[in-house]
Amino acid sequence: MKLEPLGDKVIVRRIEAEATTAGGIVLPESAREKPRQGKVLSVGDGALGASGVRVRPQVAEGDVVLFSPYAGNEVSIDGLPVVILSEREILAIVDPA
């Protein structure tokens, strides 16, 4: 199944957090925080501005973004868990450099 986000919506796949601490301690699933980073899979065509003109999204497919762990709505598409967020719920784009 293919999802096409509407308006200012963005579809993100969470990037799994490390299961081991810096000290080498392995964390069980229940002790891990929800990942706060994700890769943008799809972007809507933008929100409608006050003048009725679409505002171009600031994120693009392939960007790695930072968002609140409980932002958006989690759904499963073809067995792949994804998060559908509004663009305003995205806190930052992570620079790979």
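1. Helices (H or I, at least four residues) and strands (E, at least two) are DSSP runs, numbered from the N terminus. Strand β2 covers residues 37–43 and pairs with β1 in the antiparallel sense over 5 bridges. Two strands count as paired if DSSP finds at least two bridges between them.

2. A note on the basis. This is a predicted model, where local features need pLDDT of at least 70, side-chain atom pairs count only at pLDDT 80 or more, and totals for chains, interfaces and linings use all residues. Residues are numbered from 1 along each chain as its sequence is written, and side-chain values use heavy atoms, with hydrogens and water left out.

3. Valine 12 also stands opposite valine 83 in β7. Strands β1 (residues 9–14) and β7 (residues 80–86) run antiparallel and are joined by 4 bridges.

4. The open sheet has 6 strands, in the order β6-β7-β1-β2-β5-β8, with antiparallel pairing. Its edge strands, β6 (73–77) and β8 (90–93), each pair on one side only.

5. Next, β5 (residues 64–67). It pairs with β2 in the antiparallel sense over 3 bridges. Valine 65 in β5 stands opposite glycine 38, and valine 64 is the bridge partner of lysine 39. β5 and β8 also pair in the antiparallel sense, over 3 bridges. Isoleucine 93 in β8 is the bridge partner of valine 65.
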